[in-house]
Amino acid sequence: MVRCAVAVAFAAAVSAPAMAQDWPPFVGAVQGALQKESVDLAAAEIEFFQGDALNQQCAGNPGFMEAARGLSAAVLYYTVAERSFRGLPVSGRLSYPHYLDEEPGSLLAGVDAVDLAAALGPDGPMALLPDVVSWVPAEMRGMARSGVGLLLETFGPFKTTLAQNPGMQQYALTIAADAYDAEPLYQGLGLPRNPDICYTLPFFLYLSVNGEETYVSLGALDHYAYTFWIRRMVEGSTQEAFALLQEAASQL
């Protein structure tokens, strides 16, 4: 499961040339990716392991598809930022954007969102946000709002169940590393299940990146959303991420 932070992906998405501060190179890398429209979600196709009936049901669910596309796009733009941060190329085919997480010993190792935020400086993410929002393509704004909205909706249950229960936090971290565990995340931690089945099962979203066919796999959307907050809890950036998402929601 990728350690993606949508808030920081948005905050790193666009440089602000009118501002005096010189931003790190990874900011410009994501700006360039946005300007080139390298992520094409127009013909994105959803695929569940359960087969065509569920594929058709969820493909016809506008709310689910908007959230899935928005969060998948955020994963891809975060991948661009992370690769640039590591000094790796960001052009060409980003075949499966989670491969950087597959490091020996832990799926949670590597560059975290908090590292990118630190490179922007203490006020960098929030300072960039208005510019970021202004650069989000019009056709992606609904997707961005849906993705941000899903993360904000899951914050309350997460905070009640985990942030205030230190005894559950290490267990949460352990099972969050496996997006395809037989026991859904919400059952093991007492988190509420989304009543819409489309949000509760792993899927692939096929799309085009830099002109090449690729795919994103987020596990189940509810699993992804809860894992987002578990990772922020581990990083110690929960409140900052929540504030960024709230501000992004107010501007999108």
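I began with helix 4 and counted its buried residues: 20 of the 25 are buried, so the helix is largely enclosed by the rest of the structure. I note here that the model is a predicted one.

I next checked the length of helix 4, which covers residues 62-86. At 1.5 Å a residue, its 25 residues should span 36 Å, and I found the end C-alpha atoms 36 Å apart, which agrees. I then looked just past the helix, where Gly87 takes a positive phi of about 80°.

I turned to charge on the surface. Which residues gather in a patch of negative charge there? I listed Asp40, Glu45, Glu47, Asp52, Glu212 and Glu213. Two or more residues of the negative patch come from each of strand 1 (39-48) and strand 3 (212-219). Strand 1 gives the most, with three residues.

I placed Glu213 in strand 3. Its relative accessible area is 54%, and I recorded Glu213 as exposed because the cut-off is over 50%.

My last entry concerns Glu139. I located Glu139 in helix 7, which runs over residues 138-163.

Methods. Residues are numbered from 1 along each chain as its sequence is written. This is a predicted model: local features need pLDDT of at least 70, side-chain atom pairs count only at pLDDT 80 or more; totals for chains, interfaces and linings use all residues. Side-chain values use heavy atoms; hydrogens and water are left out. Helices (H or I, at least four residues) and strands (E, at least two) are DSSP runs, numbered from the N terminus. Patches are made of residues with over 30% relative accessible area and no salt bridge: like charges are joined within 9 Å, nonpolar side chains (Val, Leu, Ile, Met, Phe, Trp, Tyr) within 5 Å. Accessible areas come from the Shrake-Rupley method with a 1.4 Å probe; for residues, only the protein chains shown count as cover. A salt bridge is a side-chain nitrogen of Lys or Arg within 4 Å of a carboxyl oxygen of Asp or Glu. Lys and Arg count as positive and Asp and Glu as negative; His and the chain ends are not counted. The place of a charge is taken as NZ of Lys, CZ of Arg, CG of Asp or CD of Glu. Buried means under 20% relative accessible area, exposed over 50%, partly exposed in between (1.4 Å probe, protein chains only). The expected span of a helix is 1.5 Å times one less than its number of residues.
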